[in-house]
Amino acid sequence: MTVLSVRGLTVRFRMRESAPVRAVTDVSFDLAAGECLALVGESGCGKSVLASALLGLLPGNAETAGSALLAGAGDDPATDLIAADEATLARTVRGRRVGLVPQSPAAHLTPVRTVRAHLTETVRHLTGTRGRDALRTATEAAAARVSFPAGHLDRHPHELSGGLAQRAATALALVGDAPLLLADEPTTGLDRDLVDRTVDELRRHTGATRALLMITHDLAAAARIADRVAVMYAGRLVEIAEADAFFGTPGPRHPYARGLLDALPERAFRPVPGRPPELAALPAGCAFAARCAHADTACATQPPLIGGLACHHPHTAPADLVHPPQAAEAPGA
């Protein structure tokens, strides 16, 4: 069963004194029940904007196009998250049908309320649990799912470390057992052991009717739980691949995706050279061409995403696919 079907999702931000920011461009993908799709890429490539668009949480200067059909439940029809109005999103989608682990959890927690108060209200609202003892039991069970220490439940957000705030936000997102869970950098501020425990809990959220879209810089976490990997660059998807093939053999086919893996300490530990282009000044052709060792005249046109790859020069051989560092000139040269 397809939980989410995204087609042609595009987000532009109108700017008063400059060209529009092309944050997301023509993104399409499907997410099936029981599946975890990891969306990866450098900061500023549009990953979090995509998640915000799905929940209707973009600022007023945003313009969206395309569709994102969220599967219905029972007799309820599918909902186009992009076309839905605020009342629909607030009353029937957020928390109930789409859960969110936010990128900046401290900013999403009310500073004058304790973690227990946040969880209790969410449990009551989303599950209908009533009674003091029942609410207390359900609240502590929600905290236990993400290993949130019981002794910290009565603390306020400013009394929490970044990792504890992240775990609190994750517990809140899991309460409603929503069919679609959006996890935006869910391992921020966590040590390696808690990263593994957190992503394992997120993975357990998937099932016969539930799916997970995980946005992350942590490729080790993605390799641990993802079924597929989607690589985003300059607002576009450039590769979608099965996780086993992406992290193993034959590896990524797009030069940028291979560069991301080569930058890992356990691999070549070689960063992708250069910098991403400004989203308000994207080139007409391939946005990665200026950083790619294989760019030629064909790259002056934008490659379409076909067969899970948007590249004029796909490669599978484990060769260097990005520019090597420039050698310094000899004195007097």
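Predicted model: local features only at pLDDT ≥ 70, side-chain atom pairs only at ≥ 80, totals over all residues.
1. The pairing of E4 and E5 is one part of an open sheet of four strands, arranged in the order E2-E1-E4-E5 and paired in the antiparallel sense. The edges of the sheet are formed by strand E2 (21–32) and by E5, each of which pairs on one side only. Strand E1, comprising residues 2–13, is joined to E4 by an antiparallel pairing over eight bridges. Within that pairing, Arg7 has Ser67 of E4 as its bridge partner, while Thr10 stands opposite Ala65, again in E4.

2. Ala71 is placed in the loop that connects strand E4 (62–70) with strand E5 (79–80). With a relative accessible area of 23%, Ala71 falls in the partly exposed class, because that class begins where the buried one, under 20%, ends. Leaving aside residues up to four places away in sequence, Ala71 touches Thr2, Val3, Ala78 and Arg97. Its C-alpha atom is separated by 34 Å from that of Arg113, a residue 42 places away along the chain.

3. Val112 counts as exposed, since its relative accessibility is 66% and the exposed class is defined as over 50%. Between the C-alpha atoms of Val112 and Arg155 the separation is 9.8 Å, although the two residues are 43 places apart along the chain.

4. Helix H1 (residues 47–54) is largely enclosed by the rest of the structure, because six of its eight residues are buried. The buried residues in H1 are Lys47, Val49, Leu50, Ala51, Ala53 and Leu54. Just after H1, the backbone at Gly56 takes a positive phi of about 65°.

5. What is the side chain of opposite charge nearest to the buried Asp184, and how far away is it? It is Lys47, at 6.8 Å, and Asp184 has no salt bridge; the distance explains this, because a salt bridge requires a side-chain nitrogen of Lys or Arg within 4 Å of a carboxyl oxygen. The place of Asp184 is in strand E7, which spans residues 180–184. The side chain of Asp184 does make a polar contact, at 2.8 Å, with the side chain of Ser48. When residues up to four places away in sequence are not counted, Asp184 touches Ser48, Val101, Pro102, Gln103 and Ile215.

6. As for the aromatic side chains, the count comes to four aromatic pairs. One of the pairs is Phe246 with Phe247, where the ring centres are 5.1 Å apart and the planes stand at 80°, so the arrangement is edge-to-face. Both Phe246 and Phe247 are buried.

Key:
Residues numbered from 1 in each chain as written. Heavy atoms only, no water. Helix = DSSP H or I, 4+ residues; strand = E, 2+ residues; numbered from the N terminus. Buried < 20%, exposed > 50% of the residue type's maximum accessible area, 1.4 Å probe, protein only. Lys, Arg positive; Asp, Glu negative; His and termini not counted. Polar contact = N/O pair within 3.5 Å; in protein donor to acceptor, adjacent residues only side chain to side chain. Contact = heavy atoms within 4.5 Å. Phe/Tyr/Trp six-rings, centres within 6.5 Å; stacked < 30°, edge-to-face > 60°. Pairing = 2+ DSSP bridges.
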